[in-house]
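Here is a short walk through one structure. Keep the sequence and the 3D view side by side as you read.

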Amino acid sequence: MSNKTIVITRPSGQARQLSEAMQASLVDSGFTKETFPQIISLPLLTIAPKGDDVLLEQITTALKTADLAIFVSPNAIECTMRLLEQSWQDFSDKPLPIGVMGGSSMAALKNHGIGIESNPTTVILPQSNAQWDSEGLWAELQKLNWDWSTMKVIIFKGEGGRDWLADTLKHAGAQVEAFSVYARVPLDFNSPAWNDIHEMDFAKSLWLLTSSEAVRYLGQAKLPLDLATAICPHHNIADAAEQIGFGEVFTCEPGDEALIAASQAWLSI
C-alpha cells in the first residue's frame, strides 16, 4: 500500500459511497496494491434528522399553498422525505416544482421517485456543475421570469448554514418559509475515529472537504494541517480551509466524479 492517505470528511453513509466509488475508480485506472492509498473516513459532522409532529404539521400545511420547494442538500431531501412518509405529489393540489443545487440532490430525489413519476415533478437544477450552488440555482430560477411577488417558496435546510438564497428570494419579493429538518452534530474529539488521523503522515495526506461548517470544526482539532493538502468543491469551502491553516488548498468542480479525478491527480504527483 502507498504511504499516501486520503481523508474523507463526510457523514458516514455518504463517506462510504464516495470511498467505494473512489476505490473502484482507482482499480479501473490501474492502481495496484503498492500504489493504493489508505482511505480514512472521518465523519466530522453527523446528520441528526428532526422528527416531531409539530414540525410535520407545519411543513404539510406550508406545502399546500407553496409555489416552489427548494432542498439545499441531499441531507435535506432524505430528512424531509423520512419525516413526510408519503408521495411528494400528494401534498399539493397543484404541481409543486422543486429546486436543487447539485447532481447528488437530483439523485436523492430520484431515489424517492421524484421527477420520474408518470407526470413528472419539475426539478430545477443549474445546468453546469460548475454552478452547483445557491448562486447557480438562483441564476437558473431567474431564467423562468416568474413574478416573485406572487410566489411562496419553501426551503428545506439544516440548522445554521447559508441564508443567501432565502435573503435573495425575499429581496425579489417572494414569501419565503424555511424549515430546518436536521441538525449537524460534531464528532467528539475523543472518538476512536481520530486514531488513524493521529498516526498518519500529514505531509502525505489529502483531505476531501465538502462542508464549510465541518472545516471550521476541524480547525479546533489542533492538527498539523499546514503539512496537508485539501481539495474543495466550492470556493467558500476552500476559503475556510485556508483560514484553518491547510498548507495547500485546491478547488475542483462539484460532484463525486470531480473529487475522485482530483484525488487521482494528486496521487500521481
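Which residue in E8 is the bridge partner of isoleucine 47? It is arginine 184. Bear in mind that this is a predicted model. The bridge belongs to a pairing of strand E3 (residues 45-49) with strand E8 (residues 175-186). These two strands are antiparallel, and five bridges join them.

E8 has another pairing. Strand E7 (residues 152-158) runs parallel to E8, and seven bridges join the two. In general, strands of a sheet pair through backbone hydrogen bonds, either parallel or antiparallel.

Now turn to another sheet. Five strands form it, in the order E2-E1-E9-E10-E11. The sheet is open, and its pairing is parallel. Strand E2 (38-41) and E11 are the edge strands, each pairing on one side only. From one strand to the next, the twist averages 20°. Inside this order, E9 pairs with strand E10 (residues 229-232) in the parallel sense, over three bridges. Tryptophan 207 has alanine 230 as its bridge partner in E10.

Next, the helix H3. It covers residues 74-84 and is mostly covered, with eight of its 11 residues buried. Among the buried ones are Asn75, Ile77, Met81 and Leu84. Just after H3 comes glutamate 85, which takes a positive phi of about 55°.

In soluble globular proteins, nonpolar side chains tend to be buried together.

Neighbours within four places in sequence are left aside here. Beyond them, tryptophan 88 is in contact with Leu63, Ala69, Phe71, Met81, Leu96, Ile98, Ile114, Thr121 and Phe156.

What about the aromatic rings? The whole structure holds 10 aromatic pairs. Take phenylalanine 71 and phenylalanine 156. Their ring centres are 4.8 Å apart and their planes meet at 15°, so this pair is stacked. It links distant parts of the chain: phenylalanine 71 is in strand E4 (residues 68-71) and phenylalanine 156 is in strand E7, 85 residues apart. Phenylalanine 71 is buried, with a relative accessible area of 0%. Phenylalanine 156 is buried too, with a relative accessible area of 0%.

A second pair is edge-to-face. Tryptophan 207 and phenylalanine 246 lie 5.9 Å centre to centre, with 70° between the planes. Tryptophan 207 is in strand E9 (residues 205-208), while phenylalanine 246 is in the loop between helix H9 (235-243) and strand E11 (248-251), so the pair ties together parts 39 residues apart in sequence. Both tryptophan 207 and phenylalanine 246 are buried.

Ring pairs also build a cluster. It links Phe71, Trp88, Phe91, Phe156 and Phe179. Finally, look at tryptophan 266. Lysine 4 lies over the face of this ring, at 4.7 Å from the ring centre.

Notes
Residues numbered from 1 in each chain as written. Predicted model: local features only at pLDDT ≥ 70, side-chain atom pairs only at ≥ 80, totals over all residues. Heavy atoms only, no water. Pairing = 2+ DSSP bridges. Helix = DSSP H or I, 4+ residues; strand = E, 2+ residues; numbered from the N terminus. Buried < 20%, exposed > 50% of the residue type's maximum accessible area, 1.4 Å probe, protein only. Phe/Tyr/Trp six-rings, centres within 6.5 Å; stacked < 30°, edge-to-face > 60°. Lys NZ or Arg CZ within 6 Å of the ring centre and 35° of its normal. Axes fitted to C-alpha atoms, helices over the stretch in contact; angles between N-to-C directions. Contact = heavy atoms within 4.5 Å.
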